[in-house]
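Trainee: I am new to this structure and would like to know what the terms used for it rest on. Please show it to me before we start.

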Amino acid sequence: MVTLAEVAQHAGVSASTVSYVLSGKRSISTTTRQRVERSIRELGYHPNAGARALASSRSNIIALMVPLRTDMYVPVMMEIAIAVATTARTHGYDVLLLTGEEGPDAVRRVTGSGLADAMILMDVQLDDERLPLLRGTDQPSVLIGLPSDTTGLTCVDLDFKATGALCVEHLAKLGHRDIAVIGEAPAVYERHTGFAERTLDGLRLRSQELGIRLLHRPCEGGYDAMAVTLARILDERPGTTGFVVQNESAVEPLLALLRQQGRAVPEDVSVVAICPDQVATQASVRLTSVSIPAQEMGRHAVDQLVAKLDGRGSDEVVLIAPELTVRASSGPAPSAAH
């Protein structure tokens, strides 16, 4: 292991000068700094993380809070987490992953221990109980998600309200008048999870404006739960010709059940999904869908957080506009096709 003293000797400067170059705490002439940096590179010196943290009052770690709940689609959460981790590395930060459902306790642990310089929070609820603690601390944070009150917060998310509206508009243009929404598991709505609630707001509002009859039914996902949910929908609204699915684990069971009932997609019924492109393109019928921009959300969150750490950032809400890709699962409503 190369030591700081050896770097100093190689560069022909004092150990304190090397320390100042590393921490940036004092102004060092360009020539001297370049000489020290060249010695660091040539010798392959890596500062001890603990010593570096003491010297700079920074840990160079970002805490990422991702509660891994059984009712959430984990692949999307992990895709966002990977985007956060890879983007953080480009800025010189490592990521500490907190996956427990600790709520405010996790925020207290991070802010009180100096474990991390900043936080990114996922799985944001409309009235998230972590938010008062975030507003009460000087530690920078970014939410991937949107609570009902964004005052004093920095948030990044897909515009889920616009997403819901876009799905209704697409089906309405194709002549569908009765649309059923197969939603997330009931617990997701009971927690008032932001993305699910805001999608529903967009769906309902645009349906009302366009004179569309809308039915929303949460679903646990999986074949058995989907069979019960579909039977209920078709019993209550037998004229349903359009489905919007916001539940990745319900997609394939829905398509299988429709096939069993002799309902062709898209000739008899149309299906639009809100899901990752991979889910849409690998389904048994290639799905018309609004993509979840997981990587973009992760990158935006880190860029905003680093700007805050560097004293450049300000509280703002970044909503990514939804994009609907038409594939094989949506077509004219049966009555509109004649």
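Mentor: Helices are DSSP runs of H or I with at least four residues, numbered from the N terminus. The model here is predicted. In it, Val13 is found in the loop between α1 (4-11) and α2 (15-23).

Trainee: Why is Val13 called buried?

Mentor: Buried means under 20% relative accessible area. Val13 has a relative accessible area of 17%, so Val13 is buried.

Trainee: Which residues is Val13 in contact with, leaving aside its neighbours within four places in sequence?

Mentor: Contact means heavy atoms within 4.5 Å. On that basis Val13 is in contact with Ala8, Val18, Thr32, Arg35 and Val36. As for Gln282, its C-alpha atom is separated from that of Val13 by 60 Å; the two residues are 269 apart along the chain.

Trainee: Now the strands. How do you know that β1 and β2 pair?

Mentor: Two strands pair if DSSP finds at least two bridges between them. Five bridges join β1 (residues 61-65) to β2, so the two strands pair, and they run parallel. Among the partners, Ala63 is bridged to Leu96 in β2.

Trainee: What makes β2 and β11 edge strands?

Mentor: The open sheet has six strands in the order β2-β1-β3-β4-β5-β11, with parallel pairing. β2 (94-98) and β11 (317-320) each pair on one side only, and are the edge strands. Neighbouring strands of this sheet are turned by 20° against each other on average, direction ignored.

Trainee: Which strands does helix α14 lie across?

Mentor: Helix α14 (residues 294-309) lies across β1, β3, β4, β5 and β11. α14 runs at about 165° to β4 (141-144).

Technical notes
Residues are numbered from 1 along each chain as its sequence is written. This is a predicted model: local features need pLDDT of at least 70, side-chain atom pairs count only at pLDDT 80 or more; totals for chains, interfaces and linings use all residues. Side-chain values use heavy atoms; hydrogens and water are left out. Axes are lines fitted to C-alpha atoms, for helices over the stretch in contact, and angles run from 0 to 180 degrees between N-to-C directions. Buried means under 20% relative accessible area, exposed over 50%, partly exposed in between (1.4 Å probe, protein chains only).
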